[in-house]
Amino acid sequence: MFTSNIFYFGYYYQKSFNFSSSIGLKQAYKLKERKVESGEHLLLPQVPMAMVDIELTCIDSDNVMKILEAEGVEFLLSCEGQVPLSSCNGKTICLFFSANWCRPCRTFMPHLVELYHTLRDRGVSLEIIFISFDRDEDAFQQHFKSMPWLTIPFNVNLHRRLIDRYRVYRIPSFIPLSSKGIAVEEDWTSCIEDYGAEAYPFTNKRREELKAIDKRKREEASLEELLIYEGRDFLISMDDKKEPISGLAGKTVGLYFCAYWSPPCRSFTVQLTEVYNDLKTAKDHCFEIVLISTDRNIQEFNVNRSTMPWLAIPYEDRTRHDLCRIFDIKGIPALVLIGPDGKVISMNGKFMVCTYGAEAFPFTESRLRDIEAALRKEGEALPQEVEDVKHEHMLKLDMAKAYVCDFCKKQGRFWAFSCDLCDYDLHPSCVEKKVNKDESF
């Protein structure tokens with residue numbers, strides 16, 4: 001049993017399915033749109049590819065042409081007109097399932113267009129055939145006009161049969177077919193988003209090679225190898241000056257992944273800026289931060305960067321995307337810390353900054369152990385409970401990530417004397433001052 005987000009020609013739903021065998025799955029693919037008592041629709045499930053009982057375990061380019069001929073397709077369409085099926089002979093064929101109404105499809109399109117032109121420029125004999133999920137021909141035409149490859153003439157019934165045949169359960173979906181009989185195992189959309197044209201020749205071997213390259217970069221690459229891209233050997237400062245990447249040598253560097261549209265990012269940027277400025281004023285500290293923007297456009301990027309005193313990778317640079325993939329960034333804000341030797345110190349720099357602030361520098365495990373040992377020693381020297389003459393309840397020793405002292409009104413961190421019954425906190429030093437002043441301790 002599993003619950004899945006599902007779609008069928010433009011409608012998204014959520015439903016639970018139980019497929020104990022491939023027979024149940026085949027039956028699910030034959031379900032037509034129908035109402036159930038709750039008013040929902042029981043439709044085609046989004047299932048893991050590993051669960052799919054694929055009839056065509058090895059689909060090649062010749063077969064797909066035969067399939068189209070058997071379906072009565074006499075020609076394909078390009079942006080310039082009709083193209084004979086024979087134009088695809090000898091080429092690597094890829095099927096692209098998409099729809100004009102689908103926002104993820106439109107987001108994926110620029111990646112695929114770039115891949116198509118890049119591979120064609122390299123002399124790769126490749127053709128893509130678009131198979132539409134659109135419900136009417138106007139939407140089909142609107143979507144296809146932005147595509148430089150081929151398509152099957154619009155025919156909803158034909159498209160549905162091809163969608164069923166190739167077991168397409170989500171869009172966008174990009175399915176490479178091989179003239180060499182390489183098994184088709186899964187959709188390559190995410191891999192193309194991650195690697196672009198480097199994903200070619202769309203084999204599992206190539207996928208593993210790319211993952212191995214990322215692993216090596218994550219574990220062994222120098223800052224220059226991570227940050228330099230196609231001749232760009234500089235970062236940009238807050239005032240648009242070009243700062244050489246070589247200037248980061250010997251420093252502890254934080255790769256800061258964030259976006260201006262994210263409220264948690266804006267909040268953490270304030271904390272990180274405070275830590276950055278504290279460390280920059282200390283002459284013996286050598287710390288720098290590099291913004292890896294995940295902003296949606298250059299305007300957001302510029303606003304985001306204007307709030308930060310550190311360096312940034314240019315917005316138009318693909319390195320931003322590559323670093324998100326290399327370090328497997330799943331959420332923002334994220335701070336990856338790299339030591340003076342170029343090795344990753346921590347993938348969770350945000351936790352260190354939020355918990356210990358500038359005291360955590362140089363952000364090593366040994367430094368964290370020292371901080372925690374000092375905190376334990378400090379806590380052992382404090383009483384477990386105190387009475388404060390200006391508060392009616394007993395105050396207990398507590399550990400707090402951050403708080404505001406109700407006596408001096410300044411922010412505190414770590415040890416505090418807190419009330420279990422109401423929102424009242426004191427710095428340990430403030431309790432002593434008040435007790436001594438009133439002579440009641």
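Modeller: A salt bridge is a side-chain nitrogen of Lys or Arg within 4 Å of a carboxyl oxygen of Asp or Glu. By this rule the predicted model contains 19 salt bridges.

Biologist: What is the general idea behind such pairs?

Modeller: Side chains of opposite charge can pair when their charged atoms come close. Here, Glu198 forms a salt bridge with Arg122, with the closest N and O atoms 3.0 Å apart. The pair links distant parts of the chain, 76 residues apart: Glu198 is in the loop between H6 and H7, and Arg122 is in the loop between helix H3 and strand E6.

Biologist: Which residues are linked with Arg122 and Glu198 in a network of salt bridges?

Modeller: Arg206 and Glu209 belong to that network. Their side chains meet in a salt bridge at 3.2 Å, N to O. Both residues lie in helix H7, three residues apart, about one turn of the helix.

Biologist: Is Arg206 buried or exposed?

Modeller: Buried means under 20% relative accessible area. Arg206 has 16%, so Arg206 is buried. Glu209, at 34%, is partly exposed.

Biologist: Which other residues of H7 are buried?

Modeller: Besides Arg206, the buried residues of H7 are Arg207, Leu210 and Asp214.

Biologist: How many residues does helix H7 have, and what should they span?

Modeller: At 1.5 Å a residue, the 17 residues of H7 should span 24 Å; the end C-alpha atoms are 24 Å apart, which agrees.

Methods. Residues numbered from 1 in each chain as written. Predicted model: local features only at pLDDT ≥ 70, side-chain atom pairs only at ≥ 80, totals over all residues. Heavy atoms only, no water. Helix = DSSP H or I, 4+ residues; strand = E, 2+ residues; numbered from the N terminus. Expected span 1.5 Å × (residues − 1). Buried < 20%, exposed > 50% of the residue type's maximum accessible area, 1.4 Å probe, protein only.
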